[in-house]
Each structure stands twice: as structure tokens, then as C-alpha cells.
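Please open the model in your viewer and keep the selection panel at hand.

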Amino acid sequence: MTDFLILLAGQLMNGFVFGMILALIAMGLSIIFGLMDIINFAHGAYYTLGAYVAISVMGFFDNFWVVLIVVPAVVMVVGFFVESVLLRPLYGKDPVFSLLLSFGVMLGIVQVIRLVWGVAYRPFSPPDALSGSVYLGFLHFSVYRLFVVGMCIGLAILVWLLLKKTSVGMTVRAAVDKRDMVKALGINVSAVFTVVFGVGVGLAGLAGALAAPLLAVYPEMGIQILVESFVVVVIGGMGSFKGSIVAGIIVGEIMALTTLWYPEMSHVAVYVFMAVFLLTRPKGLFGSAI
Amino acid sequence: MLQVEDIHASYGAGAVLFGVSLEVKKDEVVCLLGRNGVGKSTILKTIMNLVTPGSGHIRFKGEEITGKRTDKIAKRGLGYVPEDRDIFSTLTVLDNLKMAEVASKKPNREKALEYFPILRTLLDQEGESLSGGEQQMLAIARAVTAGSDLMMLDEPSEGLAPVIREDLKEVLTELAKEMPILLVEQNLQMTLDLANRIYIIVNGGVAFVGTPQEMEESKAVEKYLML
Ligand SMILES: Nc1ncnc2c1ncn2[C@@H]1O[C@H](COP(=O)(O)OP(=O)(O)OP(=O)(O)O)[C@@H](O)[C@H]1O
Ligand SMILES: [Mg+2]
């Protein structure tokens, strides 16, 4: 193979890795919006929190597997608290309130991170077992990146099974579609809200932990990725699980490929794509279906 | 069994109900008639607390349910088939019915499928792929599956072909043997055939109450229903 094709293949792989991380974040963002009508501005902050908690847990236990369990659990508990204590009183009120609250939560979390962990960039190396690279027949590729892809695919399948095969998942899909009707069948929707919010931000936290060895860890790291995740949600269709994954990969690849030719444009390209895409499909790839 | 006393309700600044009182007794089919936009659907929504009543009282099986959470009201045994059917479009027919079993104390899917045998052949189809008539059947089947003690249906015959409308009338007649029904219906003949008592709603209030016979003998139809 020519050098260029190898470079291209490597970049496509990188785009896929980043796309899957975006998908993991966008999944929660999208379902929270579809179910609860909340534009969760703090979603990127939970991702950041995940990265920092990962650093601390790693420092304490020196075991990446523990990190992968503790991080989503911690972030999920924060999510449970935010949903049940702060957001719940705002349901049924003007959505502007929950929007502002999410904004406040975002600032709050970032401020807490600055106080606890400082403002400097923090290095985070992949665990030894996952460092180095493998030869894929035509290019060397980082073991850790492959691991991230595997984890993201595994998690996506897990979430899909939860949505499709469990009674809670069925209720979530029904409530994304017709929330009042779910209530009218005697189901307490607010319990479903808490679960979905907790799991959604827990996934963002886990994405932060997975991304920490790949991308720079700093208190505002969640802002850029939040904006990109919103793009993914919009392209995929608000409230659509499938859409988050497909659009995540599309956005990841667009960024990776523009980086190859015109790095300065890689972020802009995503918005241009979104604008053009929305002109042709205003409801996104999958409308409002999960 | 269901008593509504002097309820007022509004959407934001726009008041819709101005002191509606009505009652559904055990073994009764009660129909609400009225022109478009007079507030019939809002009455049902207010009973379910999908629209919060500004004032007034709603009692069901002797207990006050005014302002209670919608899911708690439903769990107490109030079944509801909304006007726009509200089928879960991304769920299969079977899962639509299962949704009614999640919180039900005495789910009855078999009964629902006896009423609408055609649904048995559609169990794996997604809600959005059904025809209007099938969706209507599913909406009612779902409410029957929930095993309610009183059923509220909002214009179930709307948009149905005349043949299917006849089937629906039979099902409602059967259903009425099992539980009281509060029915919003625009179709005069259907109302006359099914109802024990009729309320005519005009501009968010009750303008007439009586039996079908009393309604026919009075000028109520010409006065309140003709355009
Ligand atoms: N969600 C809403 N927001 C604001 N106004 C509403 C809403 N729903 C209904 N209305 C208004 O409230 C009034 C009563 O509506 P409602 O749906 O209860 O009437 P209806 O008697 O059921 O009419 P129809 O026979 O057309 O179903 C109407 O003027 C309608 O425009
Ligand atoms: Mg109506």
C-alpha cells in the first residue's frame, strides 16, 4: 500500500475512535432530551468529571479496571442527585428553567474540578497492559485505541439491549414517544427520568475516563466535546439511540479527514456539514425514533 | 363512581372549562356531546390530571383524586383512550399492550385480544405501521389490558370506516357490561345507541343533561349541536 493510503486508513481509524466516544456522550444527551425535554448543558462537565475521577482512582488503586467501574458509578450518583434534587422541581415549568439550571450545574462542576484538581493540564497514560501498538497488516495501531473502540461498541450493545429487551427500556422508548400516555397507564415516569439521567451522565463520565489517555485532561475539556455532541444529536435526530451512534461516527470521520487535509478547518467542517444536512433532513437521520 | 364537581381549567391564560359538573354511576355509559372546541377532551384530560384543574373536585370510587399524579389516578383504576390514540409508534403492538401491564394490578391482555382478534395477527408490527382503524383498536385494547374499573374514551369512532364503527359499537356494548364508561362522541347515532345518560357541553359548561330519550324530546340537539 502507498504511504498515503496507510495514512488515510490510520486517520479513518482515529476518526472511528473519536466518533465512538462522541456517540457514547451523545447517546445520553439525546435520550435525556427526547425523554425529559432537557437540553443538558452540563453533559460535557460530567465527561470532564469522569476524566478527573479516573485520574484520582488510578492514582489510588493503580488499576484501570477499577477505574472503569468506579468512574461511571460516581458520575451516575452525581447525576441521580442533580436530577432528583435540582431538576425535579422544574418539571412542568418553562424549559428555560432546566436549561439555565443545567448551565449552572456545568459551571458548578467545572469550578469544583478546578478547586479539587487544579487548573493545569493533567497527563494520564493508558494502563501498561493496553499500551503499545499492534500491527494490523498494513499499519501499526495503538492497542489502547482499539480497546476504546471495543469498549464503546460493547457499551452501545449493552445500552441497546437495555432499551430493547428490558421492561424499563420499553418504558423509556414509550415515554420518549408519548410521555403523557405512559403516565396514563399508571407508570411513574419520574422514576424512569432518574434512571435515564443517571445512566446517561454515567456514560458521559465513562467516556471521559476512556478519552483521558487520548485527549488532554483540563477543566474545560468538556466544552468543545459538548458542542460536538450536540451536533451529533442534531444530525442523528433528537431522542434517537441509533442516530447518536451513526452520527457520532460520521462526525468523528469528518473531523479526522479534514484534519488530514486542512487541520484548522476540522471543527468548522462539522458545523458546515450539520447545516447542509439539516437543510435536506430537518429532523435528523432518525427523526424522533429510538 | 366518578364525580366531577365544578371544575375550572385553562391552558395558560386561555380558560376552557367554567365549572363543569358531571357524574358516572356504576353500570352506566355516559356520553359527552358538543361541538368542536367546547372542551370535551379537556374534561377527560382534567380528570386524568394531564391538565391541572384550577378549582373544583374530582372523586373516583369515593376517593378524592383532584390534583393527584396522573399515574396514581390511572393506577386507581381509571382507563383512558385519548383522542389522538397515542399509540407508542416505535413499539410493537405486543409491547404497546405490555406497557399497560407494567403498572396494572389485574392486567387482562387476553380479554383485549378477544375484543379485537385482528390484533393477534399484528403483534410483531410497530405501532406506526398500523392503519388508523387498527391504531384505534390498539388504543382501546391497551386500555382494556390495563384492567381498569372505569373507562374514558375520547371520540373512538372518529375517522373510522362505517363497518369498523359498527364493530366498535359492539365492543363498547360488551365493555359496558364489565365497567362504566365515559365516552366523548360526535356521532349522534352511536351516542343514542350506547348512552344511558348524555351531557351536552357548550363553551366549557354543561348545557343539558338527560337520557337519550329526553334529549330527543327536547330541543337540545338543534339548540346546542346543530351548526
Ligand atoms: N394544548 C392546548 N393548548 C392551548 N389551547 C388548547 C390546547 N388544547 C385545547 N385547547 C383549546 O381548548 C379548547 C377546548 O379544546 P378541547 O380539545 O377540549 O375541545 P373538544 O371539545 O375536545 O373539541 P373537539 O371536538 O375538536 O375534539 C379549544 O378552544 C382548543 O383550541
Ligand atoms: Mg376533543
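Begin by selecting the C-alpha atoms of domain 1 of chain B and of domain 2 of chain B: in this predicted model, the centres of these two sets lie 23 Å apart. For the selection, domain 1 of chain B comprises residues 2-77 + 149-224, and domain 2 of chain B comprises residues 86-147.

Next, display the contact between them. Domain 1 of chain B contributes 13 residues, and domain 2 of chain B contributes 14 residues. The two domains bury about 1100 Å² between them, with 68% of that area on carbon and sulfur atoms. On the side of domain 1 of chain B, select Lys75(B), Met151(B) and Val171(B), which lose the most area to domain 2 of chain B and together account for 38% of what that side buries.

Turn now to the polar and charged pairs. The interface of the two domains of chain B holds 2 salt bridges. Select Lys106(B) and Asp149(B), which form a salt bridge whose closest N and O atoms are 2.6 Å apart. Between domain 1 of chain B and domain 2 of chain B, 4 residue pairs are in polar contact, both residues being at pLDDT 80 or more.

Finally, colour β7 (150-154) and α6 (162-178) of chain B; each supplies at least two residues of the side of domain 1 of chain B that touches domain 2 of chain B. Which element provides the largest share of that side? The answer is α6(B), with 6 residues. Colouring this side of domain 1 of chain B by residue class shows 8 nonpolar, no polar and 5 charged residues.

Key
Residues are numbered from 1 along each chain as its sequence is written. Chains are lettered from A and ligands numbered from 1 in the order in which they are written. This is a predicted model: local features need pLDDT of at least 70, side-chain atom pairs count only at pLDDT 80 or more; totals for chains, interfaces and linings use all residues. Side-chain values use heavy atoms; hydrogens and water are left out. Domain bounds come from an automatic or database domain assignment. Contact means heavy atoms within 4.5 Å. Buried area is the accessible area (1.4 Å probe) that two parts lose on being put together, summed over both. A salt bridge is a side-chain nitrogen of Lys or Arg within 4 Å of a carboxyl oxygen of Asp or Glu. A polar contact is a pair of N or O atoms within 3.5 Å; within protein, one must be able to donate a hydrogen and the other to accept it, and residues adjacent in sequence count only if both atoms are side-chain atoms. Helices (H or I, at least four residues) and strands (E, at least two) are DSSP runs, numbered from the N terminus. Ala, Val, Leu, Ile, Met, Phe, Trp, Tyr, Cys and Pro count as nonpolar, Asp, Glu, Lys and Arg as charged, and the others, Gly among them, as polar.
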